[in-house]
Amino acid sequence: MSSASRRACAPLARSGLASVVLGVLVAVCVSACKRDVETDKPGDHHYDDKLAALASFEEPERDAWAMPARVVEALGISPRMDVADIGAGSGYFTRRLATAAHQGTTFAVDVDADFKGYIETHRGQWSTPNIVTRLAVYEHPLLPRESVDLVFISNTYSFLQDREAYFTAVYKALRPGGRLAVIDWRDDVECPRYVGCPKASQRVANAIATAELESVGFEVLERHDFLAYQYFMILGRAVDHAKAPPTPTPTPPVVDDVVDDSGGDAVGPADSAAP
């Protein structure tokens with residue numbers, strides 16, 4: 001039961017309301033509590049305490065298990081790339097992506113205005129004026145068509161409701177040859193409490209994520225296994241990596257024998273023209 005549900009239910013035990021009113025409130029409370037249990041699945045978890053969430057994103061211990069420097073190195077970012085960090089949060093990865101692509105634009109995409117404001121306040125301190133914030137929605141990243149070379153999404157995949165529609169939009173936002181990098185929680189490992197992994201029921205397995213992304217036209221280009229609690233894969237648009245059919249080998253023309261109408265022997269193409 002969430003803290004909000006407990007606060008709603010607790011006063012009922014002390015209430016002196018009439019029984020009919022109490023009955024109605026109990027029904028409402030039970031319904032709310034039931035929803036808390038039934039919605040314990042991917043896509044239903046969110047941050048109730050924004051300040052606590054921002055603090056957890058920036059914990060110094062995170063570097064040890066998130067390995068941001070190694071992640072950015074694996075992405076192979078060039079200075080002029082335009083990058084989008086979806087689910088940017090506090091900008092933990094955004095500022096590192098923007099530093100690597102310092103001559104391009106890095107879009108910090110999030111659905112939360114508080115997170116957006118935090119990044120806008122701190123991008124000057126990070127020496128990353130090339131960060132541009134974008135307030136998106138759960139259903140769409142709101143990125144223009146063919147506007148970025150790399151889309152990066154970390155610990156956000158399971159928050160998205162209609163992932164087929166969402167990643168179709170991501171596909172369209174990528175330029176030809178663009179890539180999608182996905183980091184998310186493995187469903188087959190136990191995380192220490194300080195890491196803050198979601199419950200197993202709230203995670204999306206790597207195999208499921210791969211199948212979902214392939215269904216909208218992506219293909220896996222690389223997999224990296226150096227993260228202890230997360231999977232990390234880099235995908236491209238399948239159409240950009242489709243192999244051209246092999247060029248058929250030309251068949252030499254067949255030259256028929258020439259028949260000597262004068263009654264002499266037939267003269268073939270290999271026969272000498274002179275005696």
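Which residues touch the most other members of the largest nonpolar core?

**Close-up 1. The largest nonpolar core of this predicted model.** Among the 27 residues of this core, those that touch the most other members are Val151, Phe167, Val170, Leu180, Val182, Leu213 and Phe218. At least two core residues come from each of strand E1 (83-86), strand E2 (106-110), strand E4 (148-154), H9, E5, H10 and E7, and H9 makes the greatest contribution, with five residues.

**Close-up 2. Surroundings of Val151.** When residues up to four places away in sequence are not counted, Val151 is in contact with Ala84, Ile86, Val170, Leu174, Arg179, Leu180 and Ala181.

**Close-up 3. Another core, of 26 residues.** This core lies apart from the largest one, and its members include Ile183, Trp185, Phe226 and Tyr229.

**Close-up 4. The buried and exposed residues of helix H10.** Helix H10, which spans residues 206-215, has Ala209, Thr210 and Leu213 as its buried residues. Seen down the helix axis, these buried residues fall within an arc of 100 degrees, so they line one face of H10. An α-helix has 3.6 residues a turn, so residues three or four places apart point the same way. The exposed residues Ala207 and Ser215 are carried on the face of H10 turned away from its buried side.

Conventions. Residues are numbered from 1 along each chain as its sequence is written. This is a predicted model: local features need pLDDT of at least 70, side-chain atom pairs count only at pLDDT 80 or more; totals for chains, interfaces and linings use all residues. Side-chain values use heavy atoms; hydrogens and water are left out. Buried means under 20% relative accessible area, exposed over 50%, partly exposed in between (1.4 Å probe, protein chains only). Helices (H or I, at least four residues) and strands (E, at least two) are DSSP runs, numbered from the N terminus. The arc is that of the directions from the helix axis to the C-beta atoms. A nonpolar core is a set of buried Ala, Val, Leu, Ile, Met, Phe, Trp, Tyr and Cys residues joined through side-chain atoms within 4.5 Å. Contact means heavy atoms within 4.5 Å.
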